[in-house]
Amino acid sequence: MGKICEVCGKGVMSGNHVAHSKKATRRIWAPNTQKVRVVVDGTPKSMFVCTRCLRSGKVERNV
């Protein structure tokens, strides 16, 4: 899956996974992106869009 939203530019974030013993290891958080067909300038196009952009109506889906 694509890791970057093509509408808002949201990408992966990194940080530490901290165990109960306080041992820290690196990990990433990826946005929930979906491959959807959207209408861009009147033409349908396939894009990776995060679910927040889909829910807030920032893109118009191709029906």
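Predicted model: local features only at pLDDT ≥ 70, side-chain atom pairs only at ≥ 80, totals over all residues.
Let me start at one residue: Lys22 sits in the loop between strand S1 (13-18) and strand S2 (24-29). Residues are numbered from 1 along each chain as its sequence is written, and side-chain values use heavy atoms, with hydrogens and water left out.

Back to Lys22. Its phi is near 70 degrees, which is a positive value in a residue other than glycine. Lys22 is exposed, at a relative accessible area of 67%. For these classes, buried is under 20% relative accessible area, exposed is over 50%, and partly exposed is in between, with a 1.4 Å probe and protein chains only.

What do S1 and S2 form? They make a hairpin with 5 residues between them, and Lys22 is in the turn. The two strands run antiparallel and are joined by 6 bridges. Two strands are called paired if DSSP finds at least two bridges between them.

Asp41 lies in the loop between strand S3 (33-40) and strand S4 (43-50). The phi of Asp41 is near 55 degrees, and Asp41 is not a glycine either. Asp41 counts as exposed, at 78% relative accessibility.

Now the whole chain. The protein has 1 helix and 4 strands, and along the sequence the pattern reads β-β-β-β-α. The radius of gyration is 16 Å, well over the 11 Å that the globule rule gives for 63 residues, so the protein is more spread out than a compact globule. That radius is taken over C-alpha atoms, and the rule is 2.2 Å times the number of residues to the power 0.38. The C-alpha trace spans about 55 × 20 × 15 Å along its principal axes.

On burial, 19% of the 63 residues count as buried. The accessible surface comes to about 4900 Å², and 52% of that belongs to carbon and sulfur atoms. These areas come from the Shrake-Rupley method with a 1.4 Å probe.

Which residues make up the largest nonpolar core? There are 8 in all: Cys5, Val36, Val38, Met47, Val49, Cys50, Cys53 and Val59. S3 and S4 each supply at least two residues of this core, and the largest share, 3 residues, comes from S4. A nonpolar core here is a set of buried Ala, Val, Leu, Ile, Met, Phe, Trp, Tyr and Cys residues joined through side-chain atoms within 4.5 Å.

Met47 is one of the core residues. Leaving aside neighbours within four places in sequence, Met47 is in contact with Glu6, Val7, Gln34, Lys35, Val36, Val38 and Val40. Contact means heavy atoms within 4.5 Å.

Last, Arg37, which is in strand S3. Is Arg37 buried, exposed or partly exposed? Arg37 counts as partly exposed, at 46% relative accessibility. Not counting residues up to four places away in sequence, Arg37 touches Pro44, Lys45, Ser46, Arg61 and Asn62. Between the C-alpha atoms of Arg37 and Arg55, 18 residues apart along the chain, the separation is 15 Å.
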